[in-house]
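Q: I am new to this structure and would like to learn how its features are read, one at a time. Could we look at it together?

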Amino acid sequence: MDSAKEKLRSEIRANRSTRQRELHDWSYLLESSELHNARVVASYFSYGNEPSTERLNLELLKQGKNLLLPRLLPDRNLEWVPWNGDENSLSRPIQSGYREPVGNKFNGTIELFIVPSLAIDRQGHRLGQGGGSYDRALKEQQSWKVALIFDDELLDSDIPVEPHDQSVNAAVTPTRIVRFS
C-alpha cells in the first residue's frame, strides 16, 4: 500500500511544482462557524509548494485567536507553540526550510486544527507528506480538523488508508469548503 501512496505523493508534488505561488485568503474557512466559535487554533507555516497560510495566520491573529504553530521534536512528533505574529520569534529555517516558533509548549485544549495535506478524498482521508508527524498529532486531538489543499487535490478516488492514518472533518480549497463529518 505504501507504494501506491508514494506514487500519489509523487504525482501531486510534481503538479504542485508547476503552480505559481499565490497568496490565498481562505475566506471559506474564515467564514465558517467552526472557526468563528474556536478560540484556540493550531495552524502551520506553509513552505515550498504548499497552499500559502501566510494571510490565513495573520487573519487568525487579527480575529483575536490564540494561534499555535508546530515545532518538530527529535522523535518527529509535533508540539504546539503560541505565536503572536512576530517574525523575530521564529527560529532560523531548519534543513527543510521550515520555520518554527520559539517559546514554551502550549498545554491547553486546541479547538480547531488546520493541517497541511497533499490530497483529501471524499471520505476525508488525508494524504500527508509521509513522515507521520501530523497523523500522530491528529490522533491526540478531539478538535475539528481541516486540511488546506488546492481544488484539484480533492480526489474522487480513494486514498489508500493504513491503520495509523487520520482523517479530517473538512477540506478547504481556495474556492470552497467540503465537510465530511
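Q: Which residues form one aromatic cluster?
A: Rings of Phe, Tyr and Trp (its six-membered ring) count as a pair if their centres lie within 6.5 Å, with planes under 30 degrees apart called stacked, over 60 edge-to-face and the rest tilted. In this predicted model, one aromatic cluster is made of Trp80, Phe113 and Tyr134. As to the ground rules, local features need pLDDT of at least 70, side-chain atom pairs count only at pLDDT 80 or more, and totals for chains, interfaces and linings use all residues. Residues are numbered from 1 along each chain as its sequence is written, and side-chain values use heavy atoms, with hydrogens and water left out.

Q: What does phenylalanine 113 touch, apart from residues up to four places away in sequence?
A: Contact means heavy atoms within 4.5 Å. By that rule phenylalanine 113 touches Trp80 and Tyr134, and its list also includes Ala42, Ala137, Leu138, Trp144 and Val146.

Q: How should I read a nonpolar core, and which residues of the largest one touch the most other members?
A: In soluble globular proteins, nonpolar side chains tend to be buried together. A nonpolar core is a set of buried Ala, Val, Leu, Ile, Met, Phe, Trp, Tyr and Cys residues joined through side-chain atoms within 4.5 Å, where buried means under 20% relative accessible area, exposed over 50% and partly exposed in between (1.4 Å probe, protein chains only). The largest core here has 40 residues, of which Leu29, Trp80, Phe113 and Ile114 touch the most other members. A second, separate core of 7 residues includes Leu8, Ile12, Leu118 and Leu127.

Q: How many aromatic pairs does a search of the whole structure find?
A: The search finds 3 aromatic pairs. One of them joins phenylalanine 45 and tryptophan 83, which are edge-to-face at 5.1 Å centre to centre, with 75 degrees between the planes. To place this pair, note that helices (H or I, at least four residues) and strands (E, at least two) are DSSP runs numbered from the N terminus. The pair links distant parts of the chain, 38 residues apart, with phenylalanine 45 in the loop between strand S1 (40-42) and helix H4 (54-62) and tryptophan 83 in the loop between strand S3 (78-82) and strand S4 (112-116). Phenylalanine 45 counts as buried because its relative accessibility is 6%, and tryptophan 83 counts as buried because its value is 4%.

Q: Is aspartate 165 buried or exposed, and what does its side chain reach?
A: Aspartate 165, in the loop between S8 and strand S9 (170-173), is buried because its relative accessible area is 13%. A polar contact is a pair of N or O atoms within 3.5 Å; within protein, one must be able to donate a hydrogen and the other to accept it, and residues adjacent in sequence count only if both atoms are side-chain atoms. The side chain of aspartate 165 makes such a contact with the side chain of lysine 5 (2.8 Å), and it reaches the backbone nitrogen of glutamate 162 at 2.7 Å.

Q: Where does tryptophan 26 lie, and what is its phi?
A: Tryptophan 26 lies in the loop between helix H1 (2-17) and helix H2 (27-30), and its phi is near 55 degrees, a positive value in a residue other than glycine. With a relative accessible area of 1%, tryptophan 26 is buried.
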